[in-house]
Amino acid sequence: MEINWKKYHRQILLKGFGQNNQRKLAEANVLLVGVGGLGCPALLYLAAAGVRHITIVDFDTVELSNLHRQILFDENDLTQFKAEVAAKKISQSYPEIVVIGLNQKLEKQNAKQLIGEADLVLDASDNFETRYLVDDVCKELNKPWVYGSVSRYEFQVSVFNDGKDVKPKVHYRDLFPLEPKAGLIEDCAEAGVIGALAGAAACLQVMEVIKLICGMGESLEGTLLSYNSLTNQFYHAHVEQAIISEDSAQEKLVKLRADLQKNDQQILHLLAYRKNLVHEIGLLKKELQQDIFQSSVWENSLNQRKQEAIQLGLNPSLIEELFELIHHQSLKDQEKLYGNSH
Amino acid sequence: MIVTIRAFGQVAEITQKTTWEESRANTLKELKIILQQEYPALSEIPLVFSMNHQICAEDILLKPMAEIGIMPPFSGG
């Protein structure tokens, strides 16, 4: 079926998007694993964006407690297979889309075929068994996959096994090598979840899918993105290459020496900042007509530094000597600037 | 070394706090052991550690004033 360009005008209009990327979306084949809290909004946005080949795999049926977040379903769908209902509804709303709903669990037996037929996988599953299977089979078949998962008021999103922005490719197993024992990590049924949070995670996942298909922007591969809805904070944790490939002793030495250089440079910058602090303090002392040298304040602070030095495993007399030198220079600077040592 | 901890997901639920300061460890590994002794439930779940937003290996030295993220895997979908 020809693409109705008018329908997608507002995204084609975007600088850097265009008809070419719309065609890529139309030709792409996405496997959606799970059509629950993440899968429902993800499916709606994939379909609306013009992804025309979508396979949904989910073995579950619709329950009343799903409806507050699984926004494709309503009370008329209760007890029916999610994959089937979802596929039917999307076909009605978007007749140009080839959407297949499979009432199956993604398992070793069907994973290779289903993932093999897709260009990429959007994992919206709610269990580790499925997620590790997606990771392993995607690695074997060389397919990228987009991860998303929620925990109470937080979610995580990332991209694995793409290799466009990060080399070598990053896998879920690089972060979490072993599947957690059953029951240790809570799922939504145990911990609870608000639909909008799952929707927010799903929207980020779909954006990653669109970027991967179109080859736009920077993917989240190599970054575990966390979001806390209660504090409004996004947190990026980047995968250091070291956890993927172990450094040799020589490589470690080079890295540690570079760190040492950086550390000493930071000490200089901290001393420069200290000088500025002393300058500002001096101005205020002058305004308040206080003495430049206030022996009890200094002795107090020097004693604190010596205690901290001991705690940090540093030689306290060396620290005392060092700070006396720095302090002496500070006093000289202040005297020079304000000329009122008393 | 003084570092600031940022706890995510179930880590924050186990420790009952999302952020706090720690000064008892010099390496990530020491920090992990100290926290696991204090909160035995942390030993049960896989954890990813980041220092200043870089996920890193456990033998790494803690940098002064670094922010240490502790992330468990999430399950819900």
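**Figure 1. The area buried between chain B and chain A in the predicted model.** In this predicted model, chain B and chain A bury about 3,000 Å² between them, and 58% of that area lies on carbon and sulfur atoms. On the side of chain B, the residues that lose the most area to chain A are Ile55(B), Phe74(B) and Gly77(B), which together account for 25% of what that side buries. Counted by residues in contact, the interface brings 28 residues of chain B against 40 residues of chain A.

**Figure 2. Polar contacts and the salt bridge between chain B and chain A.** Between the two chains there are 19 residue pairs in polar contact, counted where both residues have pLDDT 80 or more, and the count of salt bridges between them is one. In this salt bridge the side chain of Arg152(A) meets that of Glu13(B), with 3.4 Å from N to O. The elements that give two or more residues to the side of chain B touching chain A are α1 (9-15), β3 (48-51), β4 (54-55) and β5 (67-71) of chain B. By residue class, this side of chain B divides into 13 nonpolar, nine polar and six charged residues.

**Figure 3. Strand pairing across the two chains, between β8 of chain A and β4(B).** Strand β8 of chain A, residues 233-239, runs parallel to β4(B), and two bridges join these strands. Within this pairing Val239(A) stands opposite Ile55(B), and Ile55(B) is also among the residues of chain B that lose the most area to chain A.

**Figure 4. The two domains of chain A.** Chain A is divided into domain 1, covering residues 9-238, and domain 2, covering residues 246-338. The centres of domain 1 and domain 2 of chain A, taken over C-alpha atoms, are separated by 51 Å.

Figure 5. Most residues other than glycine have a negative phi, and most peptide bonds are trans. Asn232(A), although not a glycine, has a positive phi of about 60 degrees.

Conventions:
Residues are numbered from 1 along each chain as its sequence is written. Chains are lettered from A and ligands numbered from 1 in the order in which they are written. This is a predicted model: local features need pLDDT of at least 70, side-chain atom pairs count only at pLDDT 80 or more; totals for chains, interfaces and linings use all residues. Side-chain values use heavy atoms; hydrogens and water are left out. Contact means heavy atoms within 4.5 Å. Buried area is the accessible area (1.4 Å probe) that two parts lose on being put together, summed over both. A salt bridge is a side-chain nitrogen of Lys or Arg within 4 Å of a carboxyl oxygen of Asp or Glu. A polar contact is a pair of N or O atoms within 3.5 Å; within protein, one must be able to donate a hydrogen and the other to accept it, and residues adjacent in sequence count only if both atoms are side-chain atoms. Helices (H or I, at least four residues) and strands (E, at least two) are DSSP runs, numbered from the N terminus. Ala, Val, Leu, Ile, Met, Phe, Trp, Tyr, Cys and Pro count as nonpolar, Asp, Glu, Lys and Arg as charged, and the others, Gly among them, as polar. Two strands pair if DSSP finds at least two bridges between them. Domain bounds come from an automatic or database domain assignment.
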